[in-house]
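Have a look, then read on.

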Amino acid sequence: MEVSDKTQSAEYNRALEVKRFDDTKAGVKGLVDAGVGKVPKIFIAPSNDHADFPTCQQPDLLVPVINLGGLYSDRHKEIVNEVRIASEKWGFFQVVNHGIPLNLLEGMIQGVKKFNEQALEVKKQFYSRDLNRTVRFNSNYDLYQSKAANWRDTLAFTKAAVDHDPQKLPQVCREVTLEYANHVVKLGDQLFGLLSEALELSPDYLTREMECAKFYTCVCHYYPVCPEPELTLGAGKHSDPAFLTILLQDEIGGLQILHENQWVNVDPISGGLVVNIGDFLQAISNDKLKSVQHRVLANRVGPRVSVAYFLKGEIATKPYGPIKELVSDENPPVYKEFSIEEYQGKFFSQGLDEKSTLDHFKL
Ligand code: OGA
Ligand code: NI
């Protein structure tokens, strides 16, 4: 039949175009460097993607900013309370006075820029989709699963690389990456302490009992300038595959979260870090803390750089379910137990823009 033939040939071409793009190993930046004036078809999001929800027009509706100064003194209780409210109501907050030196934040952003802007021949050596590699660079980890590719290239590495194989990290950003990793791990422990208290658990519950911060994957994103930002996205709508995400973003902006059925901008603040609850923490808190969907817009201005640490458990097969102290007859478990391995199996088998992975584990 003519119609299905057309569909098939369109699909065939897309597969071919995707493969051709992947084979360049140059990512989206390669396209921009080659001077594309239009967004190639494989990146074009379905027309309803951008306008699925309206953009928030209320200037006073802002993602909470939490000042961590005085964390271990007079302001401790107040900070716990602010973290609780933000994590229940928004699933996102920004922290300032977090103790990570501001020049290190800037250095990390510059390091990621340098990695992406170095000679292609060097960068290409990192290009891989092999999830067993502890350091890998590619464009769109879900390139072969998603309906539309995103305007983004990513360097990813795990805690295993940082701790045991640092020489595998790209030389141009190795030193700053190792230093920043050290600080993020410490901040992660502090945040899990606050979140444990916010859940009325002992302060070391999430770190010691649940081992939420034993491991991490870090993704360093590079969003090149985009000639037609209304046609594509920097990152499609998703929630995060982690207990907690600590995100460093530069001053460009474009991150939005879905709050009360509106897209709310997470505006960059000087020296701030964005923190958000991931799917695993929503599950073990039995929906008390919210893993909120978010996306990144493409932009005519840029490039934009961001660095996201996904804090997670180390043992891929360890079963996680709602914490028993948080369930009762009135508040029965919402999720069955699942392991990080099972979750990631689902997560990596579909596009970033598809159904929430967490839904697969609802009781
Ligand atoms: C992510 C993410 C947001 C950003 O990596 O999961 O949502 O601002 N990143 O790059
Ligand atoms: Ni995310």
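**Around ligand 1**

Q: How far does a polar side-chain atom of Y223 lie from an oxygen atom of ligand 1?
A: This is a predicted model, with local features needing pLDDT of at least 70, side-chain atom pairs counting only at pLDDT 80 or more, and totals for chains, interfaces and linings using all residues. Residues are numbered from 1 along each chain as its sequence is written, chains are lettered from A and ligands numbered from 1 in written order, and side-chain values use heavy atoms, leaving out hydrogens and water. For Y223, the distance to the ligand oxygen is 2.6 Å.

Q: Which residue has a side-chain N or O atom 2.8 Å from an oxygen atom of ligand 1?
A: S306 also puts a polar side-chain atom by a ligand oxygen, but at 2.6 Å. The 2.8 Å pair belongs to R304.

Q: Which element gives the largest share of the shell around ligand 1?
A: Elements giving two or more residues to that shell are β5 (215-223), β11 (294-297) and β12 (304-312); strands here are DSSP runs of E, at least two residues, numbered from the N terminus. The largest share is 4 residues, and it comes from β12.

Q: How many nonpolar residues does the shell around ligand 1 have?
A: In all, 13 residues surround the ligand, H221 and H238 being among the closest; to count, a residue needs a heavy atom within 4 Å. By class, 4 are polar, 2 are charged, and the nonpolar ones number 7.

Methods:
A polar contact is a pair of N or O atoms within 3.5 Å; within protein, one must be able to donate a hydrogen and the other to accept it, and residues adjacent in sequence count only if both atoms are side-chain atoms. Ala, Val, Leu, Ile, Met, Phe, Trp, Tyr, Cys and Pro count as nonpolar, Asp, Glu, Lys and Arg as charged, and the others, Gly among them, as polar.
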